Amino acid sequence: MPESKVEAFLTQEEEQDIVDAIRQAEKNTSGEIRVHIEHHTDADHYERAQEVFHELEMDKTRDANGVLIYIAVLDRTFVIYGDRGINEVVPKTFWNDTKEVIQTYFKQGQFKQGIVEGILKAGEELKGHFPIKSDDTNELSNEVSKG
């Protein structure tokens with residue numbers, strides 16, 4: 001039952017906390033953040049994250065500034081995947097710094113808190129490079145997607 005592992009990873013309340021963190025992070029940036037959780041993949045995790053990024057149409061944002069936090073529960077791994085617009089402007093250490101924040105919490109079994117802290121860190125960085133615009137719209141869903 002792969003779906004049950006995904007469903008058991010976060011409670012409904014924890015998922016709502018993640019959605020709230022995405023809303024908070026996106027309040028000051030035109031950047032778009034999504035979280036995708038799945039049970040397992042046989043593919044390379046980075047390649048799978050890239051695939052999910054495209055499946056969720058995150059590559060269609062106006063400023064190419066989408067960030068995906070991809071989690072494979074059974075594989076005990078995650079990938080932070082950013083679109084080209086972000087990668088062109090953030091410091092080279094940015095993704096590793098964000099990954100370390102998430103990993104610190106994950107190692108303690110605090111999965112929701114790790115995701116929330118990663119979202120907020122990404123949002124802070126995005127705010128500096130992609131400030132909110134007067135005509136900004138929420139281009140992507142804030143809901144946690146599952147595969």
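Visitor: Which residues form one aromatic cluster?
Guide: This is a predicted model. The structure holds 6 aromatic pairs. One aromatic cluster is formed by Phe9, Phe78, Phe106 and Phe111.

Visitor: Are the rings of Phe9 and Phe111 stacked, edge-to-face or tilted?
Guide: A ring pair is described by the distance of the centres and the angle of the planes. Planes under 30 degrees apart count as stacked and over 60 as edge-to-face. The centres of the Phe9 and Phe111 rings are 4.9 Å apart and the planes stand at 40°, so the pair is tilted.

Visitor: How many residues apart in sequence are the parts that the pair of Phe9 and Phe111 ties together?
Guide: Phe9 belongs to helix 1, residues 2-9. Phe111 belongs to helix 6, residues 111-129. The pair therefore ties together parts whose separation in sequence is 102 residues.

Visitor: Does Phe111 count as buried, partly exposed or exposed?
Guide: Buried means under 20% relative accessible area, and exposed means over 50%. Phe9, with 13% relative accessibility, counts as buried. Phe111 has 29% relative accessibility, so Phe111 counts as partly exposed.

Visitor: What volume does the largest pocket have?
Guide: Rolling a probe the size of a water molecule over the atoms shows where empty space is left. The lining of the largest pocket includes Phe9, Phe78, Phe106 and Phe111, which form one aromatic cluster. The volume of the largest pocket is about 290 Å³.

Visitor: Where does the largest share of the lining of the largest pocket come from?
Guide: Strand 2 (66-72), strand 3 (77-82) and helix 5 (94-107) each supply at least two residues of this lining. Among the lining residues are Lys99, Gln103, Phe106 and Lys107. The largest share is 4 residues, and its source is helix 5.

Visitor: By class, how many residues of the lining of the largest pocket are nonpolar?
Guide: The lining includes Ile71, Ala72 and Val73 as well as Arg76 and Thr77. By class, 2 lining residues are polar and 3 are charged. The nonpolar residues number 7.

Visitor: How many residues of strand 1 are buried?
Guide: In a regular strand the side chains alternate between the two faces of the sheet. Strand 1, residues 32-38, is mostly covered, and the count of buried residues is 7 of 7.

Visitor: What is the bridge partner of Ile37 in strand 2?
Guide: Strand 1 and strand 2 run parallel and are joined by 7 bridges. Within this pairing, Ile33 stands opposite Val67. The partner of Ile37 in strand 2 is Ile71.

Visitor: Which helix does the chain pass through as it crosses from strand 1 to strand 2?
Guide: The two strands run parallel. The β-α-β crossover between them is right-handed. The chain passes through residues 45-55, which form helix 3.

Visitor: In strand 4, what is the bridge partner of His36?
Guide: Strand 4 covers residues 145-146 and runs parallel to strand 1, with 2 bridges between them. The partner of His36 in strand 4 is Ser145.

Visitor: Is Ala64 buried or exposed?
Guide: Ala64 lies in the loop between helix 3 and strand 2. Although not a glycine, Ala64 has a positive phi of about 50°. Its relative accessible area is 6%, so Ala64 is buried.

Visitor: What is the phi of Arg76?
Guide: Arg76 lies in the loop between strand 2 and strand 3. With 76% relative accessibility, Arg76 counts as exposed, and Arg76 is also part of the lining of the largest pocket. Arg76 is not a glycine, yet its phi is positive, at about 55°.

How values were computed. Residues numbered from 1 in each chain as written. Predicted model: local features only at pLDDT ≥ 70, side-chain atom pairs only at ≥ 80, totals over all residues. Heavy atoms only, no water. Phe/Tyr/Trp six-rings, centres within 6.5 Å; stacked < 30°, edge-to-face > 60°. Buried < 20%, exposed > 50% of the residue type's maximum accessible area, 1.4 Å probe, protein only. 1 Å grid on protein atoms, 1.4 Å probe; cavity = no way out; pocket = protein on both sides within 12 Å on 5 of 7 lines; lining within 4 Å. Points joined across faces, edges and corners; volume = space filled by probe spheres on them. Nonpolar A, V, L, I, M, F, W, Y, C, P; charged D, E, K, R; others polar. Pairing = 2+ DSSP bridges. Right-handed = clockwise from strand over helix to strand, strands pointing away.
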